[in-house]
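Here are some notes for a colleague who will be working with the coordinates. Please read them alongside the sequence and the model.

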Amino acid sequence: MSDFTDKTVIVTGGNGGIGKEVAGLFANLGAQVYIIGRNEQTLKKTVDELSSEREQVRYKMLDVKNVQDCGKVVNEIAAEAGRLDVLVNAAGKYIELSTDETEQKDFDDLFDINVRGTYFMCKYARPHLAQTEGAIVNIGSTAGSIAFPEASLYCATKGALNMITKSLAIDFAKDGIRVNIVCPDMVKTKMLDVGFLHSGIKDRDEYDLLGLGQYPQAEEKRRFILPEEVAECVVFLASNEKAASITGTSVTLDFGLTAGSF
């Protein structure tokens, strides 16, 4: 692992799931970490839970759907910390809806959080990251490259993030900023509950086994991806020492699911 001492990291969605794990790992590696989210109670709780890193983890209230607030908060953090080295866009929402069930508000909400929020956080972080030749790591999904049933909106947002990542990697390269995306499949977080509740399956173990049955490993070796595995990948991609030549790349964590048909 790289040393991020004296570096500043922003993690959107840092108050839960993958984002929380990412924030904790960066703090353990010496970074000053700012977690961003909409719920002040959970933000405070996350800082408390990262007790050993408490002085290195702070929070800012922000709904990434509010574009102007994105710029305001990024500028506040850069001014307060004196620099910005890494932006991790982990804020995201997952829904399962059939086309018949989908309303315009669902479409707007998902794209506003998953796509617009990420895009404008990148935009406003760019001038600060240019000063440190920093890095951006977006959190995508295998849903950006393969279709999930009754999740067309979610798939569309993650597909958009793949292309935003590639395009910004080219645009930001002149500033020395690297932009990559990590695309995990089923991560052991509360997000898995959404699919279970929508499935109509009553037994959670049965639901989990059906999902894990997509993987090519032997049955006894199949498992969910762990948040810490995603975090380790994010930290690697954010490191200019370890990943200096990597930009515009999607790193997929899926036990081979998207490798082919089997």
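This is a predicted model: local features need pLDDT of at least 70, side-chain atom pairs count only at pLDDT 80 or more; totals for chains, interfaces and linings use all residues.

1. Residues are numbered from 1 along each chain as its sequence is written, and side-chain values use heavy atoms, with hydrogens and water left out.

2. Helix 3 itself covers residues 67-81, and its buried residues (under 20% relative accessible area, 1.4 Å probe, protein chains only) are Val-67, Cys-70, Gly-71, Val-73, Val-74, Ile-77 and Ala-78. These buried residues pack, with contact meaning heavy atoms within 4.5 Å, against strand 1 (8-12), strand 2 (32-37), strand 3 (57-61) and helix 4.

3. Strand 2 is largely enclosed by the rest of the structure, because six of its six residues are buried. Gln-32, Tyr-34 and Ile-36 lie on one side, and Val-33, Ile-35 and Gly-37 on the other.

4. Strand 2 runs parallel to strand 1, to which five bridges join it (pairing requires that DSSP finds at least two bridges), and Gln-32 is the bridge partner of Thr-8. Strand 2 also pairs with strand 3 in the parallel sense over five bridges, where Ile-35 has Tyr-59 as its bridge partner.

Key
Helices (H or I, at least four residues) and strands (E, at least two) are DSSP runs, numbered from the N terminus. The expected span of a helix is 1.5 Å times one less than its number of residues. Buried means under 20% relative accessible area, exposed over 50%, partly exposed in between (1.4 Å probe, protein chains only).
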